[in-house]
Structures are given as structure tokens and as C-alpha cells.
Amino acid sequence: MSRNLHVAAAQLGPIQKSDSRTEVVARLIELLRQAHSKKAELVVFPELALTTFFPRWFVDDITEADHWYETEMPSKVTQPLFDEAKKLQVGFCLGYAELTATNERFNTQILVDRSGNTVAKYRKVHIPGHEEHEPDRPFQHAERYYFTPSNEGFGVWKAFGGRIGMMICNDRRWPETYRVMGLQGVEMILCGYNTPLHYVPDPSQDVLQGFHNALVMQSGAYQNGTFVVGVAKGGIEEGVDGLADSSIIGPSGEILAKTVTSADEVITAVCDLDWCNNYKNTLFNFDRYRRPEVYGRITGQRGTSLD
Ligand code: ING
């Protein structure tokens with residue numbers, strides 16, 4: 001049996017501060033067309049795909065940053081992307097900064113089906129970086145200032161003939177992210193990221209960024225019998241070099257496709273979602289082999305307990 005989903009990872013090169021949303025949306029549409037010409041049915045764009053990674057700058061008054069957020073989706077400027085996708089009958093996943101009517105700020109990703117309907121919204125759970133200005137850093141990573149961590153957790157949605165989940169950037173480093181979706185039978189996890197190559201708190205990790213990126217997503221895929229699509233905004237953005245290495249990973253943990261540039265680039269893979277069952281029904285038959293009765297600490301405590 002096979003249940004093929006042809007997916008594309010639409011990697012973005014840098015978006016500079018001066019690039020308008022209109023220019024960026026034109027790039028997204030071009031990538032969407034390329035993916036469609038390769039016969040993709042679902043196109044995955046990165047985290048915060050409409051703007052530069054603005055948490056690298058601190059502003060004393062957060063309302064000065066309001067212009068980086070979307071208050072509606074689709075909006076006037078993003079509507080052409082939705083129109084083109086609908087015309088081509090291609091679905092997509094898009095990351096953006098969301099400012100809600102009740103003034104909450106989330107790092108958000110939506111899933112849009114092939115008819116142009118938004119079928120799912122995910123808001124980032126694990127918000128990395130810092131909440132205060134840290135003047136000694138070469139650049140800020142003030143995501144904890146700009147975004148509220150979502151309490152909605154990790155959903156899995158029936159779409160594109162399978163069970164689709166979403167996570168955003170730092171979420172991919174946490175095994176709980178994958179497992180919570182694994183327990184809902186997820187078959188493909190979509191993940192956008194912005195990962196600076198220079199990790200300010202511990203520069204010894206700089207050379208390991210590519211390794212860690214692959215390590216976590218390949219492990220999460222294998223241990224849960226799911227595809228993972230990891231999509232970067234990479235390259236040098238406002239002087240900060242970002243990891244590219246977008247990839248499509250199978251439930252075996254193998255990388256099926258990977259980008260070779262740090263610019264706008266489309267890769268695709270035909271993903272047989274039934275391949276997931278080889279893992280879900282054997283080694284990782286959760287119902288047969290998991291021992292939740294001894295995993296209490298996973299949800300019972302946050303930090304390490306040394307008692
Ligand atoms: N980025 C980073 C990631 O996990 C991070 C986290 C935090 C990098 C602080 C560098 C410094 O790849 C996002 N966008 O979550």
C-alpha cells in the first residue's frame with residue numbers, strides 16, 4: 001500500500017530589514033510556482049517568513065515593533081500568495097508573527113489546504129533566548145520579549161491524506177514536542193526555523209549547528225515513525241549568518257532531500273505516509289512497549305531535581 005504526499009521545503013535566503021512584505025510575498029510565490037512545477041502538493045515555508053528575524057533587535061516600547069506582526073491572515077499583502085496557491089491547487093505552511101485582537105503576540109505557523117482554507121494554526125511552545133536587553137551581545141535573541149509561549153500545545157490535523165503536525169524552530173530540539181504528536185499518530189511534522197550559526201551563550205556550539213539540527217530532527221522522526229520537514233530562513237541576514245540545511249526526513253530517520261545553498265531554494269520528496277507504519281507498528285509500537293507509569297517526571301517537573 002502507499003499513500004504518497006509530495007512535499008516541498010521552500011527555503012528562504014535572508015530577508016533584510018529594508019525588504020518590503022510585497023517583495024517577500026513575490027519570492028514566496030516564485031518558490032510556490034517552482035514547487036508546483038516539481039509536482040509538490042504541499043509547500044513548507046520557514047519561521048517568520050514574511051520579515052527579517054526582528055527579535056535580533058530590542059526596542060524599549062514593544063509597540064514600536066507592531067509593524068513586524070500580522071493582525072490578520074490572509075492580509076491585503078499576503079492575499080496574492082493564497083490566491084496563487086489556490087489557483088495551483090497547492091497547500092502551504094507559513095510562519096509569521098501574530099498580534100491578536102486581545103494584544104497577544106505569538107510566533108505562529110498556519111497550514112493552508114489545497115483549496116486555500118486555513119485548516120490549522122500552531123503557536124510556538126518553546127520560546128528561546130532572553131526577555132531583557134542584553135547589550136553585550138553582538139545581536140539580540142529577544143524572542144522571550146516579543147512572543148508569549150503558547151499553552152495550546154501540539155496538535156495533529158487530518159489533512160493532505162495524512163496526519164500533519166507542526167512545530168517551530170526551537171521546538172525541534174525537545175523530544176517532548178515530537179512525542180506529544182507521535183502519541184496522536186502524526187505522520188508528517190512541518191517545522192520552520194531561523195538558527196543563527198553563532199550561539200552567543202556558548203560559541204563552542206557554533207560549528208555544531210548543522211549537526212545538532214540534523215541530530216534532533218532525524219531522531220524525532222525515527223523515534224516517532226514520522227516524516228519531518230525542516231525549513232530554514234538561512235544566509236546572512238542583517239550581518240547574522242543563519243543555518244540553511246533545510247531537509248526532508250523519513251520515518252527511518254534518513255534524510256531524503258537537503259538544500260545545497262543558503263538562498264531561496266526548493267527541494268521536494270515523495271513521501272509515502274504508509275512508510276510510517278513500519279516504525280509505528282514494530283519497534284515503536286507505543287501501546288505495546290511504552291511505560292508511561294515510570295515517565296511521571298516528564299510532566300511532573302520542569303527543571304532537574306537533584307534530591
Ligand atoms: N532559534 C534558535 C533555535 O533553537 C536560539 C534558538 C536561541 C538560537 C538563542 C540562538 C540563540 O534554533 C529559534 N528561532 O527558535
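**Chat notes on a predicted model**

Q: Where is Pro-74 found?
A: Pro-74 sits in the loop between β2 and α2 (79–88). This is a predicted model.

Q: Which residue does a cis peptide bond join to Pro-74, and what is omega?
A: Met-73. The Met-73 to Pro-74 peptide bond is cis, with omega at about -5°.

Q: Let's zoom out. How many helices and strands in the protein chain?
A: Eight helices and 14 strands.

Q: And what is the radius of gyration against the globule rule?
A: It is 19 Å for the protein chain, close to the 19 Å that the rule gives for 307 residues, so the chain is as compact as a globular protein of that length.

Q: What box do the C-alpha atoms fill?
A: Roughly 60 × 55 × 40 Å, along the principal axes.

Q: What share of the residues is buried?
A: Buried residues are 42% of the 307 in the protein chain.

Q: What about contacts between residues at least 6 apart in sequence: what share join residues at least 24 apart?
A: That share is 71% in the protein chain.

Q: On to the largest nonpolar core. Which residues touch the most other members?
A: Val-7, Ala-8, Val-43, Val-44, Phe-45 and Val-229, out of 72 residues in that core. There is also a second, separate core of five residues, including Phe-106, Ile-127, Ala-142 and Phe-147.

Q: Where do nonpolar side chains tend to go in general?
A: In soluble globular proteins they tend to be buried together.

Q: Take Val-44. Which strand is it in?
A: Val-44 is in β2, residues 42–44.

Q: Buried or exposed, and why?
A: Val-44 counts as buried because it has 29 C-beta neighbours inside 10 Å; the cut-off for buried is 20 or more.

Q: What is Val-44 in contact with, leaving aside neighbours within four places in sequence?
A: The list is Val-7, Ala-8, Ala-9, Ala-10, Cys-93, Leu-190, Val-229 and Val-231. Val-231 is 187 residues away along the chain, yet the two C-alpha atoms are separated by 6.9 Å.

Q: And which residues does Ala-8 touch, not counting those up to four places away?
A: Ala-8 touches Ala-35, Lys-38, Ala-40, Leu-42, Val-43, Val-44, Val-266, Ile-267 and Thr-268.

Q: Switching to the ligand. Which residues are around it?
A: Glu-47, Pro-128, Gly-129, His-141, Cys-169, Asn-170, Arg-173, Tyr-193, Asn-194, Thr-195, Pro-196 and Tyr-199.

Q: How does that shell divide by residue type?
A: Five nonpolar, five polar and two charged.

Q: Where is Cys-169?
A: Cys-169 is in the loop between β7 (162–168) and α4.

Q: Is Cys-169 buried or exposed?
A: Buried, because 26 other C-beta atoms lie within 10 Å of Cys-169.

Q: Its contacts, leaving aside neighbours within four places in sequence: which residues?
A: Cys-169 is in contact with Glu-47, Gly-192, Tyr-193, Asn-194 and Thr-195.

Q: New topic: helix α5. What span should it have?
A: Helix α5, residues 209–224, should span 22 Å, because its 16 residues count at 1.5 Å each. The end C-alpha atoms of α5 are 23 Å apart, which agrees.

Q: Which α5 residues are buried?
A: Asn-213, Val-216, Met-217, Gly-220, Ala-221, Tyr-222 and Asn-224.

Q: What do they pack against?
A: The buried residues of α5 pack against α4 (175–182), β9 (227–232), β12 (247–249) and α6 (276–280).

Q: What happens just after α5?
A: Gly-225 takes a positive phi of about 60° there.

Q: What about Lys-39, which is not a glycine: what is its phi?
A: Lys-39 has a positive phi of about 80°. Lys-39 is in the loop between α1 (21–37) and β2. It counts as exposed, with 11 C-beta neighbours inside 10 Å.

Q: And Phe-160, what phi there?
A: Positive, about 55°, although Phe-160 is not a glycine. Phe-160 lies in the loop between β6 (156–159) and β7. With 22 C-beta neighbours inside 10 Å, Phe-160 counts as buried.

Q: Last one. Where is Arg-302?
A: Arg-302 is in the segment after α8 (296–300). Arg-302 counts as exposed, with 6 C-beta neighbours inside 10 Å.

Notes
Residues are numbered from 1 along each chain as its sequence is written. This is a predicted model: local features need pLDDT of at least 70, side-chain atom pairs count only at pLDDT 80 or more; totals for chains, interfaces and linings use all residues. Helices (H or I, at least four residues) and strands (E, at least two) are DSSP runs, numbered from the N terminus. A residue is buried if 20 or more other C-beta atoms lie within 10 Å of its own, exposed if 12 or fewer, and partly exposed in between; C-beta atoms are placed from the backbone. Two residues are in contact if their C-beta atoms, placed from the backbone, lie within 7 Å. A residue is near a molecule or strand if its C-beta atom, placed from the backbone, lies within 6 Å of it. Ala, Val, Leu, Ile, Met, Phe, Trp, Tyr, Cys and Pro count as nonpolar, Asp, Glu, Lys and Arg as charged, and the others, Gly among them, as polar. The expected span of a helix is 1.5 Å times one less than its number of residues. A nonpolar core is a set of buried Ala, Val, Leu, Ile, Met, Phe, Trp, Tyr and Cys residues joined through C-beta atoms within 7 Å. The radius of gyration is taken over C-alpha atoms; the globule rule is 2.2 Å times the number of residues to the power 0.38.
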